[in-house]
Amino acid sequence: MEKRNWHDRNYKKLLLIPIILILSSIIYLFMFNVQNGDFVYKDISLTGGTSITVFEKTNIEQLELNLSNQLPDLTIREIYELTTKEQKAFTVETTADSDVAKQAIQEYLGIELIEGDNVNIISTGSSFSEGFYKQLLIAILIAFIFMALVIFILFKTAIPSLAVIISAFADIIMTLVTFNLLGMKMSTAGIVAFIMLIGYSVDTDVLLTTRMIKRKEGTINQRIIGSMKTGMTMTLTSLFAFLAALFVVQSFSAALTQIFTVLVIGLGYDLLNTWVTNVSILKWYAEAKK
Amino acid sequence: MKIKLTFKIWLMIFFLAASLLAIFAGTGLTKSGILITNIEPENNSLFDLGLRQGDIIISIDDQKIETLKDYSSILSNKYIGQEVKTTVKTTNKEYIIFSDKFPELSVMEIPKTNLQLGLDLAGGSRAIIKAENKTLSKTELNDLVDITANRLNAFGLTDLKVIPVSDLAGNNFMLIEIAGATPKDLKKLISEQGKFEAKIGNETVFIGGQDEGIASVGRSGQEAYIESPKQSSDGSYYSTFRFSLYLKEEAARKHAEVTSKLEVNQTPQGNYLSKPLDLYLDGGFISSLKISEGLKGQVTTQISISGSGSGATKEEAVENAKAEMKQLQTVLMTGSLPYKLEIVKLDTISPSLGEEFTNTILLAGLVAILVVSLIIFIRYRNWKASLALVLVTVSEVIIILGIAALIRWNLDLPGIAGILATIGTGIDDLIILMDETSQKVLSLKQRLKRAFTIILGAYFTTFVSLLPLMWAGAGLLKGFAITTIIGISVGVFITRPAFGDMLKKFQKE
């Protein structure tokens, strides 16, 4: 019998880390839902409302002070040049109607705002947004179910397939909890990022599982280490690429910033869930089968 | 060193070349001049001579025009109130006009690529519309789309898309996308029902629409004009517009029948019938036209319609009168919409930050690829394979863009997110290929086969997870789903097999 190393002795205990995190995430999200009526804070792309981007310079704090009693749920963001930090524009988001919001900003700035010229206006009715949000949730759910089906077809064995699915699920809820803890508001783009995350998190799990259950060469540990080398390179490359991209787009596009932020958080958790959660379950499964 | 390339590598090179061609052929890289994006047909001498949207102006008065700056600097120095001669040369014709100002044209520099950018990058407006308090059937929706498209065309908008869309919950919407400048009062134009009624007393004489009582609507010259503005008692200005309206036989006869019953009133200004012709739009009163004595009981097909616009200044009054007239002409020509409409989403995006936005995205992509190549080089210490990986990744992006240019797919922000998703999974797959082929077991061919089993597995999971997005939320995220699906498919079937062959070559050396 080969010598048992640290991982051989402790991998089952290691599984406690993700189990505790998953359980506390579920409890947190449940409490969050009770308190806020939903699992996330939503921005106006999902609640309905108006986003007005004005291509003028102004003092953001002053503007916020002035508009906050006129426009409900106000958020103001500055758009600036990456290198010079020079202000290019600012975005006002509110649940108020577009005409009301435009009027208020116009009065404060004292200039006429002309749609499609010095101002972008995005306005969405609340019932449409609610429907949109519900459908995106359904889309995530269907995406997840489809993914699970493909995984089952791919590996044809229950426990390894379940391990992949549990890891992907853990990635999603842990990312969601972090997202909420950071006080971020979910937008359409954020939901897209979560769907992207399903794809990314499954990549390394598929690699690991294939090497573990479809291959015969080497010991289990050798196969784990081999997969880990490849998988870590995959995840870390994506992680750093997204971090770099995040740095470039930061102020310029709220949508891309949110996508990259979600992916960076998600890939971070994917390291844990692939190399602790998934590895431990698979190893247990392989040892038991011996 | 002689390099023999395999079929898979040639295939990738072929797609790459075809994509570059699709992106760049016949664009501003090879042509100079500026492109006419819109030409106002009314009172426009250049339009009358045959200049049209899509023509390319190459010179004015023999001065070459290559940029918008050239164009505006020539024109701004030229007109100083007097009538002068202007020679406008396009790629296929020369136009000579005499005027005191240059006719109204919208122009842009010829795009450098065939890529079509979506509204969120290039500017424009998008509206999602549904019927108020009513669920539309497919046929009703299609009728609505036809009438709306017709109305926007009649208004003079050409670069537009009006289509029916539905979502996962089975709701039907009408989606309108207008590229470029947002017309003033867009909200009014698309959501107004446009029910035009002409009444004498309580009797409707005719209603708007060429399917109804209207034969044609005068739109230029003596048939439609704005009178010079006058000042009202409160200091503001108003301007009156007038245009001719031609009625169909039936409507004209109805007019005769109703007027024949009226009496004649004598006034100092002349003799008029006892009741005027009242015009209403969507139940709101527009104006009242006095009917002269001579028309009593006459079957007349031509009517002069008038109304007014007001404003704080003379210019504003004229502008508003023009806008009011255009709106009215449009609804008279196209008729009313069958339902009351509700705009559920209206986005108007200015193109002003578009270029900077595109540059930022390109920069982000470049930085990301640099970071990736650095990590890959540090990890593998194999410059050939690392270089190949970067080349393959860049090719993948170019091929996605090539396909987008070819199928005239609008690249919007979700689409760009899709390209990013592709780059990410693409690099993951290339790393799998590198690691699987470097193992010391089995034959190289079998190792490649194993790598592709993993890659295909990951491909199918991503593919199916994107499918629901094709329909969710009136297709607003379709761009993301389509681009990602194109991207990962290009990767799995074209570029990654080529990369596998490249790795084979490197190993044999």
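What separates the centres of domain 1 of chain A and domain 2 of chain A, taken over C-alpha atoms? I looked this up, and the answer is 36 Å. The domain bounds come from an automatic or database domain assignment. For chain A they give domain 1 as 6-42 + 127-289 and domain 2 as 49-124.

**Ground rules**

I noted that this is a predicted model, where local features need pLDDT of at least 70 and side-chain atom pairs count only at pLDDT 80 or more, while totals for chains, interfaces and linings use all residues. Residues are numbered from 1 along each chain as its sequence is written, and chains are lettered from A and ligands numbered from 1 in the order in which they are written.

**Chain A**

I went back to the two domains of chain A, which have 36 Å between their centres. Their contact takes six residues from domain 1 of chain A and six residues from domain 2 of chain A; a contact here is a pair of residues whose C-beta atoms, placed from the backbone, lie within 7 Å. On the domain 1 side I found four nonpolar, two polar and no charged residues. For these classes, Ala, Val, Leu, Ile, Met, Phe, Trp, Tyr, Cys and Pro count as nonpolar, Asp, Glu, Lys and Arg as charged, and the others, Gly among them, as polar.

I then took chain A as a whole. Its C-alpha atoms fill a box of roughly 80 × 40 × 30 Å along the principal axes. Chain A has 10 helices and six strands, which are DSSP runs numbered from the N terminus (helices H or I, at least four residues; strands E, at least two). Of its 290 residues, 48% count as buried. Buried means 20 or more other C-beta atoms within 10 Å of the residue's own, with C-beta atoms placed from the backbone. Among contacts in chain A with a separation of 6 or more, 75% join residues 24 or more positions apart.

**A sheet across both chains**

Next I traced a sheet. It is open, has eight strands and runs β3(A)-β4(A)-β2(A)-β5(A)-β22(B)-β8(B)-β10(B)-β9(B), with antiparallel pairing. Two strands pair if DSSP finds at least two bridges between them. Which strands stand at the edges? They are β3 (75-80) of chain A and β9 (160-166) of chain B; each has a single partner strand, so one side of each is left without a neighbour in the sheet. Neighbouring strands are turned by 15 degrees against each other on average, direction ignored.

I walked along the pairs:

- β2 (residues 49-54) and β5 (residues 119-124) of chain A are joined by six bridges, and Val54(A) stands opposite Val119(A).
- β5(A) pairs with β22(B) over four bridges, with Thr124(A) partnered by Lys345(B).
- β22(B) pairs with β8(B) over eight bridges, where Arg126(B) has Asp347(B) as its bridge partner.
- β8(B) pairs with β10 (residues 172-179) of chain B over six bridges, and Ile128(B) stands opposite Leu175(B).

β8(B) is mostly covered, with seven of its eight residues buried. I also saw helix α4 (residues 60-67) of chain A lying across β3 and β4 (87-94) of chain A, at about 160 degrees to β3(A); axes are lines fitted to C-alpha atoms, for helices over the stretch in contact, and angles run from 0 to 180 degrees between N-to-C directions.

**Where the chains meet**

The contact between the chains takes 57 residues from chain B and 59 residues from chain A. Elements of chain B that each supply at least two residues to its side include β8 (124-131), β22 (341-349) and α9 (354-380). By class, I noted 35 nonpolar, 16 polar and six charged residues on the chain B side.

**Cores**

A nonpolar core is a set of buried Ala, Val, Leu, Ile, Met, Phe, Trp, Tyr and Cys residues joined through C-beta atoms within 7 Å. The largest has 169 residues, and those with the most contacts inside it are Val192(A), Ala245(A), Ile259(A) and Leu263(A). Its largest share, 15 residues, comes from helix α8 (residues 188-213) of chain A. Beyond four places in sequence, Ile259(A) touches Ala189(A), Val192(A), Ala193(A) and Ala417(B).

**A glycine in chain B**

Last, I looked at Gly402(B), in helix α10 (residues 383-406) of chain B. Why does Gly402(B) count as buried? Because it has 24 C-beta neighbours inside 10 Å. Leaving aside neighbours within four places in sequence, its contacts include Ala18(B) and Ile23(B). Its C-alpha atom is 8.1 Å from that of Leu115(B), 287 residues apart along the chain.

Notes:
A residue is buried if 20 or more other C-beta atoms lie within 10 Å of its own, exposed if 12 or fewer, and partly exposed in between; C-beta atoms are placed from the backbone. Two residues are in contact if their C-beta atoms, placed from the backbone, lie within 7 Å.
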